[in-house]
Amino acid sequence: MRNNNDIEVSRRNMWSGILFGVGLIAFIDETVFHQLLRWHHFYDKSTTDIGLISDGIFHAFSWFATIAGLFLFADLRRRNGLIFQRWLGGVLLGVGVFQLYDGIIQHKWMRIHQIRYVDNVIVYDIVWNVGALIILLIGIYLIFRTSKNSTLKEKNANE
Amino acid sequence: MNSQYLLHSHGHNAMNHSVPGINLQLVLGVVFIFLLVAYITAVLITNQRYKKWPIFRTICWTIGMVIALAAVVGPLANIAHSNFTAHMVSHLFLSMVAPIFLAIAKPITLLLRTANTTLARKLTSILKSRLLKFVSHPITAAVLNVGGLWLLYTTNLFVYMHENAFFALFVHLHFFIAGYVFTISIIYFDPVYHQYSYRFRAAVLIIAIAGHDILSKYMYANPPAGVSQQEAEMGSMVMYYVGDWIEVVIIIIFCWQWYKSAKPRRNVTVGFNREQVSMHGK
């Protein structure tokens, strides 16, 4: 009984983090790169149909993810079930996956838009994707570290 | 009855090439003012029999109706006829902002409370009917709502809308009704006879929002019939970014309803057994 509950709580910590991470990075992408720097374009002439659909679905999902992730976070706190490191791992995982997806699939394969409209955009692409990979790896590390239920057991023992 | 009459006379007028814009505004204005008056009358009746209907809900209904009116009557509606951005703002008001306020106002609850038992029973059986079950199903509602937009902006319908006043009336009413039905198929305030899980509704909501986003970006590159490139770009960005913020409000209400419903009855990790025992003790 207790054990099932632990697994459920542990899973929820990760998913809440992932959802929030995806939403957070999408929001940063939108405000920083689209609105403030104006590096990205609202619509690229070379954008394909499938790219447009993928972009739309991801945009819709990211809005929902930010808000749902935060409500899940509040629910975990209300239940005394928050494992912050695991949640943070989820956030970084979400951020990393989104950036990699954006950088490789959306920018390079579907060609929705580029990071910036300059000659040697490859430099930006490398920084973008390597950065994403590092964030992703830290996220995975944090999730593995907290996945043996040890954190939660300690937490319960202390209470 | 009144609006029925106007609707017919309006159709004739359109054919007799009198000013269609004014008539359209008049008909739609009468519809929304009628709904506003009907709601307030129902509140007054129900307040005499039962405990007071929350003033907050009456205010929400009024705000919703004022927003709907602003979309179809007056300066915005006038400009919307020739300016695509204004048309887009009017669309957002009529089919997205107003429905949220109207949903919060719980009109169906009020209606059932005001009606006498026989009528209320009839209404309930209508609400439970297969047809309404089908129409208010999240997927049907989403298709009618977003699909209607696709149809309007990617075909010649948009031109017809400006030529034929009767058709314009239909489009406006469709905007309004489809927007409302979709809103109440996702967020539940009134009693719902066919409930769907949060997970399912979340999926439909995301897909519907995506459909809206994709359409707005599509219009950026492919202007609707009769709309210039420049206007289409402006209008589609309004639809995309302003639409975003309205969608955020719907998502927050949706998640908040989940948060309330998922409230733990007891502290899950600590004191689980103790409370269980004390409950048995009683």
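Buried here means under 20% relative accessible area, exposed over 50%, and partly exposed in between (1.4 Å probe, protein chains only). The model shown is predicted, with local features needing pLDDT of at least 70, side-chain atom pairs counting only at pLDDT 80 or more, and totals for chains, interfaces and linings using all residues. Residues are numbered from 1 along each chain as its sequence is written, chains are lettered from A and ligands numbered from 1 in the order in which they are written, and side-chain values use heavy atoms, leaving out hydrogens and water.

**View 1. Ser90(B) sits in helix α5 (residues 84–104) of chain B.** Helices, for the record, are DSSP runs (H or I, at least four residues), numbered from the N terminus. With a relative accessible area of 3%, Ser90(B) is buried. Leaving aside residues up to four places away in sequence, Ser90(B) touches Ala71(B), Leu76(B) and Ala80(B), where contact means heavy atoms within 4.5 Å. Ser261(B) is 171 residues along the chain from Ser90(B), and their C-alpha atoms are 34 Å apart.

**View 2. Glu8(A), Arg11(A), Arg12(A), Asp75(A), Arg78(A) and Arg79(A) are linked in a network of salt bridges.** A salt bridge takes a side-chain nitrogen of Lys or Arg within 4 Å of a carboxyl oxygen of Asp or Glu. Glu8(A) pairs with Arg12(A) at 3.2 Å, N to O; both lie in helix α1 of chain A, 4 residues apart, about one turn of the helix. Glu8(A) is partly exposed at 30% relative accessibility, and Arg12(A) is partly exposed too, at 27%. Arg12(A) also bridges to Asp75(A), with the closest N and O atoms 2.9 Å apart. That pair links distant parts of the chain, since Asp75(A) is in helix α2 of chain A, 63 residues from Arg12(A) in helix α1. Asp75(A) is buried, at 0% relative accessible area, and bridges to Arg78(A) with closest N and O atoms 2.6 Å apart. Arg78(A) counts as partly exposed at 25%.

**View 3. Chain A meets chain B through 28 residues from chain A and 32 residues from chain B.** The area buried between them is about 3,100 Å², with carbon and sulfur atoms giving 71%; buried area is the accessible area (1.4 Å probe) that two parts lose on being put together, summed over both. In chain A, Phe42(A), Phe64(A) and Arg78(A) lose the most area to chain B, together 26% of what that side buries. There are 0 salt bridges between the two chains, but 6 residue pairs are in polar contact across the interface (both at pLDDT 80 or more). A polar contact is a pair of N or O atoms within 3.5 Å; within protein, one must be able to donate a hydrogen and the other to accept it, and residues adjacent in sequence count only if both atoms are side-chain atoms. On the chain A side, α2(A) gives the most, with 17 residues.

**View 4. Thr146(A) lies in the loop between α4 (121–145) and α5 (150–158) of chain A.** Thr146(A) is buried, with a relative accessible area of 3%. Its side chain makes a 3.4 Å polar contact with the side chain of Arg86(A). A polar atom of the Thr146(A) side chain also lies 2.8 Å from the backbone oxygen of Leu142(A).

How values were computed:
Helix = DSSP H or I, 4+ residues; strand = E, 2+ residues; numbered from the N terminus.
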